[in-house]
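Dear colleague,

I am handing over the structure below, and the notes that follow it set out what was found. Please read them with the coordinates open beside you.

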Amino acid sequence: MTKGSITKNLVLFAIPLFFGQLLQQLYNVVDSVVVGNVLGKEALAAVSTTGSLIFLMVGFINGLFMGNSVIIGKRYGAGDDKGVSIASHTGIAFAILMGIVMTVWGYFFTPTILKWMGTPEDVMPSSVLYFKIYFLGGLGNILYSACCGVFQAMGDSKRPLYYLVVSTVINTILDITFVKYLDFGIGGAALATVIAQAVSAALALFKLTRVEGPHRIFIRKLRMDIETLKKELMIGFPTGIQNSVIAIGNVVVQSNINAFGSVAMAGCGSYFKLEGFVFLPITCMCMAMTTFVSQNLGAGEFKRVRKGSVIGSVIGVSCAEIIGFIVFAFAPILLRMFSSEAEVLAIGTTQARTESLFYCLLALSHCLAGVYRGAGKTTIPMIVMLSSWCLLRITYITIIVRIIPVVNVIFWAYPLTWSVSSVVFIIYYFKGKWVTA
């Protein structure tokens, strides 16, 4: 990433990430497609309402590992092989610890959190069952993400893709088998995901113990270096907090959606599943820019960092707006894969057509946030996204829904808050001191 064509480096790094993230999205989407079409809208609503809670848990811990990736990238760019090895072992050891914590916390606190969200009684038993089983696989989920972070920090975005292909096929086969043919119900969908995540984690960790390079993992050396962990947490903690608080904001949004009943939950849930796909190019370019910036700053290539940040942002924004037009035009057709019920499709289509033409703003915010994270300036994205994507969004929804009690007004919270974050990030790009070694 420190030499050659910037555009080529970013695109070639982002393409495997895209397909990997695409397969990752298929985990929950397969659940929704199978559950929605086999078990009905109440079961689909139960799966949908767990999405914000899952991101609350996973988002925080994955945010912490952003610090690990940035440290590894900078040390690799600077040629510090010993430092790369220490950071890699620290990250994997920390992932194992946090995976166990997430599993225990998610399993035991599920009913309480779902009640706080105002989950309707008709979907509560299914939501609790799905969520509890899902978090029994928390260790596999977190460990896989940490392993991928090591690969990506080293500029390797292909290996995680290979493992995801295998695990996604397993997830799809087990989902259909458990739900449709063995009649395991919604618990079968969660179990299929858990098994698939465990497989991907095992494959990724195994490869890290065999790969040639300073990031090779030796099981006997798995321990947390306190000084390295402190540095990683200083960078990663703001991102983890940001992800969690944004997730809490999404929980508040979901709670307001829940108040409109299971049809609204299913319709919005269908759109959010679709949204997970259309955001993939944005997410992948953001991840590519984080690695690009961290490695080039480590190598002292400051001019290349600024040039790459502009090129990556232009690519991300352009892709997002093209996708936005496609979603706007074909929303009813795209959403039909999750549900064929007219009421559900109507709500999902309305949300899609309200938000899709503003994807360019979301892309710009994500791309610039990725740049700042790669520079180790994770506090700035945290503050901006907490204030706009959480506080402003919650305030808007809390007030407007009570004045205009229709679900449609919730949808406008997203373009509004994307606009605010984009403006602030642009100002910081030109005024802030983020290009430092």
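Contact here means heavy atoms within 4.5 Å. On that basis, residues 24 or more positions apart account for 83% of the contacts in the protein with a separation of 6 or more.

This is a predicted model, in which local features need pLDDT of at least 70 and side-chain atom pairs count only at pLDDT 80 or more, while totals for chains, interfaces and linings use all residues. Residues are numbered from 1 along each chain as its sequence is written, and side-chain values use heavy atoms, with hydrogens and water left out.

As to confidence, pLDDT (the predictor's confidence in each residue, from 0 to 100) averages 85 over the protein, and 96% of the residues score at least 70. Confidence is lowest in helix α2 (residues 41-49), with a mean of 70, and highest in helix α17 (residues 413-431), at 93. Where pLDDT is low, the predicted coordinates should not be read in detail.

On the overall fold, the secondary structure comes to 17 helices and zero strands, where helices (H or I, at least four residues) and strands (E, at least two) are DSSP runs numbered from the N terminus. The radius of gyration, taken over C-alpha atoms, is compared with a globule rule of 2.2 Å times the number of residues to the power 0.38; for 437 residues a compact globule would have a value near 22 Å, and the protein, at 21 Å, agrees. Along the principal axes, the C-alpha atoms fill a box of roughly 55 × 45 × 35 Å. The accessible surface (Shrake-Rupley method, 1.4 Å probe; for residues, only the protein chains shown count as cover) comes to about 17200 Å², of which 69% belongs to carbon and sulfur atoms. Buried residues make up 57% of the 437 residues, buried meaning under 20% relative accessible area, exposed over 50%, and partly exposed in between (1.4 Å probe, protein chains only).

Turning to the rings, the structure holds 19 aromatic pairs, and rings of Phe, Tyr and Trp (its six-membered ring) pair if their centres lie within 6.5 Å, with planes under 30 degrees apart counted as stacked, over 60 as edge-to-face and the rest as tilted. One of these pairs is Tyr-130 with Tyr-134, which is stacked at 6.4 Å centre to centre and 20° between the planes. The two residues are four apart in helix α5 (residues 124-136), and so are separated by about one helical turn. Tyr-130 counts as buried because its relative accessibility is 1%, and Tyr-134 counts as buried because its value is 5%. Tyr-134 also pairs with Phe-135, with ring centres 5.4 Å apart and planes at 75°, so this pair is edge-to-face; Phe-135 is buried as well. Elsewhere, Tyr-372, Phe-425, Tyr-428, Tyr-429, Phe-430 and Trp-434 form one aromatic cluster.

A charge sits over a ring if NZ of Lys or CZ of Arg is within 6 Å of the ring centre and within 35 degrees of the ring normal. The charged end of Lys-132 is placed in this way over the ring of Tyr-107, 4.8 Å from its centre, and that of Arg-353 over the ring of Phe-328, 5.6 Å from its centre.

Asn-68, in helix α3 (residues 51-77), is buried, with a relative accessible area of 2%, and, leaving aside neighbours within four places in sequence, is in contact with Ala-87, Gly-91, Val-150 and Glu-232. Gln-24, in helix α1 (residues 6-38), is partly exposed at 28% and touches Tyr-144 and Leu-164, not counting residues up to four places away in sequence.

With kind regards
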